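This short report looks at a strand and its partners, and then at the surroundings of a ligand. Please keep the sequence and the structure in view while reading.

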Amino acid sequence: MLYSLIGMIVVCGSTAALFWTTRLERKARRLDELDQLKSEFVSRVSHELRTPLTTIKALTRLLRRGDVSAEKQREYLETISIECDRQIDLILNLLDLSRIEGGVFRIDLERVEVGEVITSCVTAEMAAAGKRKHKLEIKPFAGIPPIYSDPKHLRRVISNLIENSIKYTPDGGLILVSANTEANNVAIRVTDNGRGIPKEDLPSLFDKFYRGRPSPHSAAAATAGMNEEILGDADVSGVGLGLYLARDVMKRMGGRISVETKIGEGSTFTLHLPIWKADECAKQSTEVKENAKTIAGC
Ligand code: ADP
């Protein structure tokens, strides 16, 4: 009796020890993974900050030599401006991330005219699209009601989507931005005829730091005439924050983001945002009050 009791205690003890060892091992593995993710992120950010600076410095040196044609001068200045924008975007994304993580991210909701926001984003991205010989167009729309949003953050989300379309579409692509009304929402769409997103990437697409793995050898991609240089993400700028921030910001504005995509045919990212209704202002402000600091115009 005593021996079987001691036996039971020993078995229970070793089962508990095994349980705690397994848990500790799992935790240690997770910490290792996070550590690696952080190191990769730091090295990617450093690379992303250094690359545009190298280009800017080289072009400035050429311009200072003075023996550059007027056409080349314009081209170099355009590239310098695009590279500066790229750096500013990265820094703004990093600042947003740190504000979100620090719990001090601020959204100011107000009545927003969709057409104005879309036009300003498309105008700002025109030079970058032109450099890759893409056609960037607004699909004509009319009669779209105003929405309830933070124009500054909405502009950043739409610009990020257009920049992704520019990056992940082989040269000479078509990028369309459109808007239409759907029930109580306005849907803003950014559509490209780029490489599309592999379905294995979809579950993690909006995760922090996630960068997709293209499938360069897929038959559809090959048919679409894509080469590995365009498809390899190692050469495409980015740190995997754009879609994570887009989803977070859309949620805070009472909206959502979704994607439809087909390999070799392209992707459409859709933003749904609530239509502005002055009399429902109070109700909507309650719905989003956890995230919004001020509700302008209410
Ligand atoms: P980044 O572009 O910095 O890698 P994002 O968060 O903006 O980060 O995008 C995450 C991933 O989603 C990208 O690495 C890319 O693989 C994929 N992706 C985003 N937009 C597109 C698009 N329009 N076409 C194809 N792939 C896309």
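## Contacts with the ligand

A polar contact is a pair of N or O atoms within 3.5 Å. In this predicted model, a polar side-chain atom of Lys-167 lies 2.8 Å from an oxygen atom of the ligand, and an N or O atom in the side chain of Asn-164 is likewise 2.8 Å from a ligand oxygen atom. Gly-212 takes part through its backbone, with an N or O atom 3.0 Å from an oxygen atom of the ligand. The protein covers 97% of the 530 Å² of accessible area that the ligand has on its own.

## The shell around the ligand

The elements that each supply two or more residues to this shell are helix H4 (151-167), helix H7 (242-252) and E7, and H4 gives the most, with 3 residues. Of the 21 residues around the ligand, those that come nearest are Asn-164, Lys-167, Tyr-168, Arg-211 and Leu-243. Sorted by class, the shell holds 8 nonpolar, 8 polar and 5 charged residues.

## Strand E5 and its partners

Strand E5, which spans residues 185-192, is mostly covered, since 6 of its 8 residues are buried. Strand E4 (residues 174-182) runs antiparallel to E5 and is joined to it by 8 bridges, with Ile-175 standing opposite Asp-192 of E5. The hairpin of E4 and E5 has 2 residues between the strands, and Ala-183 there takes a positive phi near 50°.

E5 also pairs with strand E7 (residues 266-274), in the antiparallel sense and over 8 bridges, and His-272 in E7 is the bridge partner of Ala-187.

Methods
Residues numbered from 1 in each chain as written. Predicted model: local features only at pLDDT ≥ 70, side-chain atom pairs only at ≥ 80, totals over all residues. Heavy atoms only, no water. Buried < 20%, exposed > 50% of the residue type's maximum accessible area, 1.4 Å probe, protein only. Helix = DSSP H or I, 4+ residues; strand = E, 2+ residues; numbered from the N terminus. Pairing = 2+ DSSP bridges. Near = heavy atom within 4 Å. Polar contact = N/O pair within 3.5 Å; in protein donor to acceptor, adjacent residues only side chain to side chain. Areas by Shrake-Rupley, 256 points an atom, 1.4 Å probe, with all protein chains shown as cover. Nonpolar A, V, L, I, M, F, W, Y, C, P; charged D, E, K, R; others polar.
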